[in-house]
Amino acid sequence: MAQGAPTDFPGMVAVGTDGAQAVDVVSDRGQVLLPEELTRLLKSRVDISLMNPAPSDLWQDTQIKPLNPANYTLGIPVGTEVEMVGNTPSVVGEFRFIAQLQHDGVIEQYQVVLGKKAHNILLRKALLEKLGYRIQPVQWLSKLRVRLNGHATLMGFLTDIQNNTEGNSKRWVTNDTTEASVDFVDLQDVLIMPATQTFYSLETGAIPPSVIQGRRVMNALLVPFQLVDVPESLNSFSWVAGRIVNQAVYLNYEWASWFNPTFQDAQWIVRRMARMSGQDWNEVAQASGVPGEVSALLAEKLKSRRNDLIQLFQVSANKLVVNSTISAGARLTQGKLTATEWPGYASRFSFGDPDNPLSTSEVTAFLKSKGISALIDTAMSYMNSFFNNNNGVQGQVNQRTLNNVVDQMIQEAITGQKKNIPLGMYAIPSWSGRILLSRDVVVGSYMGTDNLVQMADTFGFQITPGFFIGIQGLNGISESGGVGLQMQRAYTHIKPLKSIKAVNKTPYSNMLIPFLKKKWAAELDEPTMADGQSNLAAIADSLDKEMGVGESLLITDSVTAQAGLNLTYPTSPSVQLQTALNAAQMFLHRIQIYKKDKYTFQIYNDPGRVTKGSASVGLTSYGVPLITFSVGGMSGKVNTKFYTLTIGSSDADDMTRNQKQYETNIRILKQIFMSNSLEMLNTDQDPTTIGHDFSERDVNFGFLFYQARKMSLKDRFEITLPEGAKTSVLYRSTGVRTGKDYYSLLMATLGGFLRDKLGSDNIVLDGSNSGNPGDTIMGSAVSRLVTYQATQRDPNDDNSGISPNPEGEFAQIVHQHKGWNITRDKALKILKEMNADFGTTLIPDSTLADTRKILLYSITLTINVYKQGLWKLATLPRDQVKSLMTEYMLDICNVPWPKGECDRAQKSFDTHYRRFLRSQSEYMEVRAVDGPKAADRALALVDLAETYFPGRKLVNVVGEQNIFIQARIQGFRENDETGDTPLMGNTIGVVGARASTGPLNFIQQNLQIQNGEFFITWMLNPL
């Protein structure tokens, strides 16, 4: 057993547990064994999962046999009239009542059940009877008439149906009940069972602990209950029954908290289910009383889930053949129900697919928005061309060039020798101004906001006084450069989009954000009305109609001292070699107003200072980049101040209790909207502060649509709470990303063509995106990011050592495949490689059984390494390091590589081997006294370890108790009714700390700060 693996979370069955055993298990001789005896047998390696519970009135050890039809009828004819007696308690989602009828002169009472998932009762009954359980008779009736005591009682009856089933009563009631004389209802799709029970009704699926009482025969029912826990829509019923989480099998059953089976209890009942043949599962599905097409698909999904449970609970049994593309009748095609209405049934069985984010209409809207953005950008470029002295500067440059040519000609005429123009530099005063006005639709993160798709409107202005720098005497090389200041004020409104079509319905007047801001401020009326009554609720409702949840308003001021030089050499009439050098010092101030929910606003105040520098070289043709290579760096400090403003509550008592503060907050929010001032806010509350002292390095390479990036980041977080408590965390990361960006190349090519043909430099085509090729149209990207976090001993000392706290260190490796769309086969190929690396099934193929294609996809493998795992890497013996790395190299060199590549890889291996050993020794030496240096070495250890002994080898080195690995699929799965929900896979290892994803993520989640603000991704360039 994994010590410390949490099993108190509902539905978690710890693998190999030696916890409290069942009280009803019997030996081969029929003697009930005490739990202590079972524990002793388990430790002696006796497989106690093979032992049966004691037989009882509820369960007998019988052979699997056909279902008895007599158990599925009470002899009540279809359309029988019964008399309503009264309601009876029922579980959530069901409505139960007692009805009576006369039979041979005797009044008999029955319990009638209505529910969207009522057929699950029959399903549970059939499966449990196959497993040897005794279940009371239950009959499904297609029609039943219920007589009530007058029309008023009837109307109350309809209300009870709606409230208890959470569905329209017309699903079940087929007759017209509007006439006052009507005192009966004709019901369809109902279950009926005896009102008096002679033994416990297991078919309900809800068994309280007072009934279970630690018995295997009862606790084990969690497993079959989860297996047949069918949602109303069968299309959304997963082909897998559970998954491994934290070294436990996770069964996400509605009433899981009432059960507490051991792993052996679960194995016992899984073995019994494993004896059932495919025909047995068909029979169970048919007994549920659903239509034929539904039954056919249900049987295949039950068999698939049975196969999954066998694997999860490590039971040796043959897998049943599953047809995931089954077709039957007119309403079941390729493993999917196509009808949403089923005459004669209250249940829908299918809801239809969610809206496709890349449907033809959505893509058309996206392209339309991009076209409009290009027109706006082009118009603004043309307008801004008048706000500069470029013509005057160019005139002086031309005059200087002409003077040099004339001097050459005169000198040549006098001396007969051509005089070279002397190398020199000159400066000409320049100025420019720009009005900023744009609307962009961006897929992925943008300016620190984290939405799948978002609209960003920007309005502002920019003034750039400075000097044009010219260089003469370069013999054919043209140059441009300058030094100066850039002063900018920009307003940005970011709105998350559920549908791209919403962009073209948003008024373009909203792009004038200062007016939009004042419009929002106007909704913030005086919170106290003239009669003294509170106006808070009305204000919140009114503002909510104007500014939606998730929207952000950004106000950014910046002053930048910048210098740059561009050199261009024509290698042919159409191809140019370009080199650029740039440097900048920027001072900025940024305010973000983020609407978290209807009543809560988060305010971020981000002052910062940043130094940037870059150098690049490349080949271009008509402005289109053919080959590019650049290196860049950025360093600086940002000090984010975080505030929360609540302007109301849905709770009336809370609204009354905090009325004064809410009124104050409304006035504060109005001041921010009106004047961008935080004066009142700072007076009213102290902020949480997140300080950053960072440096980032980038290397980029591009060849047409192919893009590659390598980055590294060092950051020191200093988090200060309003009461003064302080924490300092060191953060290190290094990553590589390669990708294909067809869209940007297409826009650059089309823009270059139009500029050439139209003879205008003002043609601008929108190429804005998140920066990740995987977020572009038809693009894709593969990345690997390694990060390390460590809490420092002394938050007031920049160089103090690493905290000895067990949660003080954390490392993570994230592999990600991201892109516009991917076919099911290609996605399965990625999963197959992941599974092969770790020698287990991280995500079963059957999870994508309903999927044709994944749109806006992200397939992510996350590896968390905790403190003890890092310690094992740091103390790994030298000979074991060499053995593991050598083994990796042998595997690499066994692949047919181009000649000489293996030799070059071997040289790289020698360098990395020495680096690993040096990182080990230096990390151990300085971890207590020099945190920044220790962080650098720890990052190198994790990076090299995961490179040279990846997958299962890394798990073996650090130990399963010190690592946690999980795969996830995100995106829209086409043809899958649950296609807009993420898929989580099985996990390896154990969550090794309370801060399960690192100290920084733990702090961020507890403070509920936006990811982009906490990690300043609006400033940095995340991978």
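Is Ser649 buried or exposed? Keep that in mind as you go through these notes on a predicted model.

1. To settle the opening question, Ser649 is buried, because its relative accessible area is 15% and the cut-off for buried is under 20%. You will find Ser649 in the loop that links strand S17 (624-646) to helix H14 (652-657). Setting aside residues up to four places away in sequence, Ser649 touches Tyr599, Asp654, Met655 and Tyr662.

2. **Polar partners of Ser649.** Now zoom in on the side chain. The side chain of Ser649 reaches the backbone nitrogen of Asp651 at 3.0 Å. The side chains of Ser649 and Asp654 are also joined, by a polar contact of 3.2 Å.

3. **Thr506, another loop residue.** Look next at the loop between strand S13 (478-496) and helix H12 (513-523), where Thr506 sits. Thr506 counts as buried because its relative accessibility is 7%. The side chain of Thr506 comes to 2.8 Å from the backbone oxygen of Ala502. Apart from neighbours within four places in sequence, the contacts of Thr506 are Arg439, Met455 and Lys495.

4. **The barrel.** Five strands close into a barrel in the order S2-S3-S4-S6-S5, with mixed pairing. On average, neighbouring strands of this sheet are turned by 55 degrees against each other, ignoring direction. Strand S5 (residues 139-147) pairs with S6 in the antiparallel sense, over eight bridges. As an example to find on screen, Trp140 has Leu191 in S6 as its bridge partner.

5. **Helices on the sheet.** Two helices are worth a look here. H2 packs on the sheet and touches strand S3 (94-103), strand S4 (106-115), S5 and S6; the direction of H2 makes about 20 degrees with that of S6. Helix H3 (residues 151-165) packs on the sheet too, touching strand S2 (81-88), S3, S4 and S6. The direction of H3 makes about 135 degrees with that of S3.

6. In soluble globular proteins, nonpolar side chains tend to be buried together. In this model, the largest nonpolar core has 78 residues, and those touching the most other members are Tyr133, Leu221, Ile269, Met273, Leu302, Leu309 and Phe313. Among the elements that give two or more residues to this core are helix H2 (119-130), strand S6 (184-194), helix H7 (263-274) and helix H9 (292-312). H9 gives the most, with eight residues. A second, separate core has 57 residues, including Phe838, Ile843, Val881 and Ile969.

7. **Two backbone angles to check.** Most residues other than glycine have a negative phi. Glu166 is not a glycine, yet has a positive phi of about 55 degrees. Glu166 lies in the loop between H3 and S6, and counts as exposed because its relative accessibility is 55%. For Leu704, phi is positive as well, near 55 degrees. Leu704 is in the loop between strand S18 (688-703) and strand S19 (706-720), and its relative accessibility of 34% makes Leu704 partly exposed.

Definitions and conventions:
Residues are numbered from 1 along each chain as its sequence is written. This is a predicted model: local features need pLDDT of at least 70, side-chain atom pairs count only at pLDDT 80 or more; totals for chains, interfaces and linings use all residues. Side-chain values use heavy atoms; hydrogens and water are left out. A nonpolar core is a set of buried Ala, Val, Leu, Ile, Met, Phe, Trp, Tyr and Cys residues joined through side-chain atoms within 4.5 Å. Buried means under 20% relative accessible area, exposed over 50%, partly exposed in between (1.4 Å probe, protein chains only). Helices (H or I, at least four residues) and strands (E, at least two) are DSSP runs, numbered from the N terminus. Contact means heavy atoms within 4.5 Å. A polar contact is a pair of N or O atoms within 3.5 Å; within protein, one must be able to donate a hydrogen and the other to accept it, and residues adjacent in sequence count only if both atoms are side-chain atoms. Two strands pair if DSSP finds at least two bridges between them. Axes are lines fitted to C-alpha atoms, for helices over the stretch in contact, and angles run from 0 to 180 degrees between N-to-C directions.
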